[in-house]
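Please view the model alongside the text.

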Amino acid sequence: MQGLEVRSQQAEVERVLEIKRIKYKLIDVSVSEEILEEMRNRTGNPTALPPQIFNDDFYCGDYWEFYDAVENEEIDHFLKLKEKEQLDCKISTDCNENYTAKS
């Protein structure tokens, strides 16, 4: 069930970013324990699960923080787009694909 929930959350993050025309890159944490550990180290949570959202080197938050930002119409602030010009957002996922959306 956890894998289905992660995929559903990932799809929602992608949908929002595509609607807002924000470039992003998916990073598949399932391909390497090192990548998973890097994601967890960057979040400061040794048990963090994807999706986790980053803007360049800045950690934005997890899916639920993203969801709250969307609901409160604060997505630009959540993604730190106003503090730092629009950068490519990165989403740590557990999918089996790595790709970048076209804007």
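Which residue caps the N-terminal end of α2? Ser32 does, with a side-chain oxygen 3.1 Å from the backbone nitrogen of Glu34.

## Basis

This is a predicted model: local features need pLDDT of at least 70, side-chain atom pairs count only at pLDDT 80 or more, and totals for chains, interfaces and linings use all residues. Residues are numbered from 1 along each chain as its sequence is written, and side-chain values use heavy atoms, with hydrogens and water left out.

## Helix α2

Helix α2 spans residues 33–43. Helices are DSSP runs (H or I, at least four residues), and strands are runs of E (at least two). Leu36, Met39, Arg40 and Thr43 are its buried residues (under 20% relative accessible area; exposed is over 50%; 1.4 Å probe, protein chains only). Down the axis of α2 they fall within an arc of 95°, so they line one face. The arc is taken from the directions from the helix axis to the C-beta atoms.

Glu34 and Asn41 are exposed, on the face turned away from the buried side. Just after α2, Gly44 has a positive phi of about 80°.

## Nonpolar cores

A nonpolar core joins buried Ala, Val, Leu, Ile, Met, Phe, Trp, Tyr and Cys residues through side-chain atoms within 4.5 Å. The largest has 15 residues. Val13, Leu17, Ile53, Phe66, Ile75, Phe78 and Leu79 have the most contacts inside it. Two or more residues come from each of α1, β1 (24–28), α3 and α4 (75–78).

A second, separate core has five residues, including Leu36, Met39, Ala48 and Phe54.

Definitions and conventions: Polar contact = N/O pair within 3.5 Å; in protein donor to acceptor, adjacent residues only side chain to side chain.
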